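Good morning. I have a few minutes on one structure, so please look at the model while I talk.

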Amino acid sequence: MIGISILGATGSIGLSTLDVIDMHPDRFTVVALTAHRDVEAMAAQCLRYRPQLAVMADPEAARHLADVLGARVPGTEVLGGSEAVAEAARLPAADYVMAAIVGGAGLMPALAAVRAGKRVLLANKEALVMTGHLFMDELSRCDAELLPIDSEHNAILQCLPQTRVSGVAPDGVRRLLLTASGGPLREWPLNNLNEVTPAQACAHPNWSMGRKISVDSATMMNKGLEVIEACWLFGLEASRIRVLVHPQSVVHSMVEYVDGSVLAHLGHPDMRTPIAHALGAPERIASGVAAFDPVAAPPLVFEEPENARFPCLALATQALAEGGSAPAVLNAANEEAVAAFLDGELKFTAIAAVIEHTLSYLDAGEAHSVEAVLELDRQARALARSEIRRRAS
Ligand code: NDP
């Protein structure tokens, strides 16, 4: 049996992971589950999966969980706090770790899994965006295995030669073509974008996801973060990664080779496919996703992203070009701006403005340690929050 620890078990990716695991009871066993504050969902998961360890990042929520469970799950230890989340990542019984916490909060647990030499299924792209080469260096130092869960990166991985090494440019590849749906606002009148509500920004046409990544898809910051993620995962510079808007979300990405071949990965937009790929690799296992019928598929369209509509994409590329820890600053400012937008404190169009302001005011040199990145992350969040307050007043 393969032991799995799921960080962010109550979220969209966490639930899809449990769905795939449910299909293979003789292959996988859940050994640890973590969440932030959703005690009700976590209690239900504990009763069903009876993990060795259940962690709530919020200590108060952990006490509540322990009360709710009482003596009903005697084999499950309940812990609270962020250090306990990292403990779930390095649990000896966990062979694989699904890193599916949203945002920078997922960094230290994902790194803990890497440092424990696990197979890390990385959904939490923010961790890689924040720490870049530090994360990749730890990966090779600790002999851990990294499998991307983002559908685009997982698609690219599937189109690359099996001999590829994480973080090293594969031979014969000219470019990666990273597809993007364009989100729910692709056709909105540009002049009305400042009126977009959180519900409208989260109404993604093809994918059902958590609220933060849904807003990131609407601004296309998600694609910006993914370009940065792809550079680190596949060892390519940004100029060899082309973003294409593909509203049907059928082609999940493509790899263009020097001989003119272009390999594409197609399928339904359902995260259970990349999750099953990463759980089963090198074997193929069932995911529960319906068979894909090309005849029933809509015509496939590819477009250049519209710069005026998606300024966040350019900001991400700019941060990547700036190098050093600029991507960590970008990520921190984005998280704060998106949270303020979801709380009704910031206009949709001001998300990009807050990020631009933070990037221009903070000098993000090379960070030589994860602690230095975390310090910069704190500074960037404080700066972004003060700009959000200034705009609100
Ligand atoms: P959700 O918001 O649906 O779930 C987030 C999970 O993280 C929940 O379990 C939540 O717990 C937990 N969490 C939130 N804050 C903290 C914290 N401070 N400390 C510890 N745990 C926390 O997010 P998604 O599942 O949509 O996304 C997760 C990650 O996967 C993101 O990085 C996203 O970019 C990436 N991803 C998601 C895709 C998708 O289809 N959803 C596709 C590709 C990548 P609680 O429920 O208690 O709040």
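What is the volume of the second largest pocket? About 450 Å³. Before I go on, two sentences of housekeeping. This is a predicted model, in which local features need pLDDT of at least 70, side-chain atom pairs count only at pLDDT 80 or more, and totals for chains, interfaces and linings use all residues. Residues are numbered from 1 along each chain as its sequence is written, and side-chain values use heavy atoms, with hydrogens and water left out.

Now the terms for empty space. Rolling a probe the size of a water molecule over the atoms shows where empty space is left. Here the work is done on a 1 Å grid over the protein atoms alone: a cavity is a set of points where a 1.4 Å probe fits but cannot get out, and a pocket is an open set with protein on both sides within 12 Å along at least five of seven lines. Lining residues have an atom within 4 Å of a point. Grid points are joined across faces, edges and corners, and the volume is the space filled by probe spheres set on the points.

Back to the second largest pocket, with its volume of about 450 Å³. It is lined by 17 residues, and those closest to its centre are Leu147, Leu157, Gln162, His277 and Ala281. Two elements give two or more residues to this lining: strand E7 (145-148) and helix H7 (151-159). Helices (H or I, at least four residues) and strands (E, at least two) are DSSP runs, numbered from the N terminus. The largest share, 3 residues, comes from E7.

By class, the lining of this pocket has 8 nonpolar, 4 polar and 5 charged residues. Nonpolar covers Ala, Val, Leu, Ile, Met, Phe, Trp, Tyr, Cys and Pro; charged covers Asp, Glu, Lys and Arg; the others, Gly among them, are polar.

Why does the second largest pocket lie between domain 1 and domain 2? Because domain 1 (2-149) and domain 2 (150-308) both give residues to its lining. The domain bounds come from an automatic or database domain assignment.

Next, the cavity. The count comes to 1 cavity of 30 Å³ or more, and the space in the largest cavity is about 30 Å³. Its lining consists of Ser151, Trp207, His252, His265, Gly267, His268, Asp270, Thr273 and Pro274. These divide into 2 nonpolar, 6 polar and 1 charged.

His252 comes up again with Thr179, whose side chain reaches the backbone oxygen of His252 at 3.1 Å. Thr179 lies in strand E8 and, at 4% relative accessibility, counts as buried. Buried means under 20% relative accessible area, exposed over 50%, and partly exposed in between, with a 1.4 Å probe and protein chains only.

Strand E8 (residues 173-180) pairs with E9 in the parallel sense over 5 bridges; two strands pair if DSSP finds at least two bridges between them. Strand E9 (residues 241-245) has 4 of its 5 residues buried, so it is largely enclosed by the rest of the structure.

Another buried residue is Asp377, at 8% relative accessibility, in helix H15 (residues 370-392). Its side chain makes a polar contact with the side chain of Arg381 at 2.9 Å. A polar contact is a pair of N or O atoms within 3.5 Å; within protein, one must be able to donate a hydrogen and the other to accept it, and residues adjacent in sequence count only if both atoms are side-chain atoms.

Last, some backbone geometry. Most residues other than glycine have a negative phi, and most peptide bonds are trans. Which residues does a cis peptide bond join? Ala281 and Pro282, with omega about 10°. Pro282 lies in the loop between helix H11 (272-280) and helix H12 (311-322).

Arg50 has a positive phi, near 45°. Arg50 sits in the loop between helix H2 (39-49) and strand E3 (53-56) and is partly exposed, with a relative accessible area of 48%. Asp143 also has a positive phi, about 55°. Asp143 is in the loop between helix H6 (125-141) and E7 and counts as exposed at 68% relative accessibility.

That is all from me.
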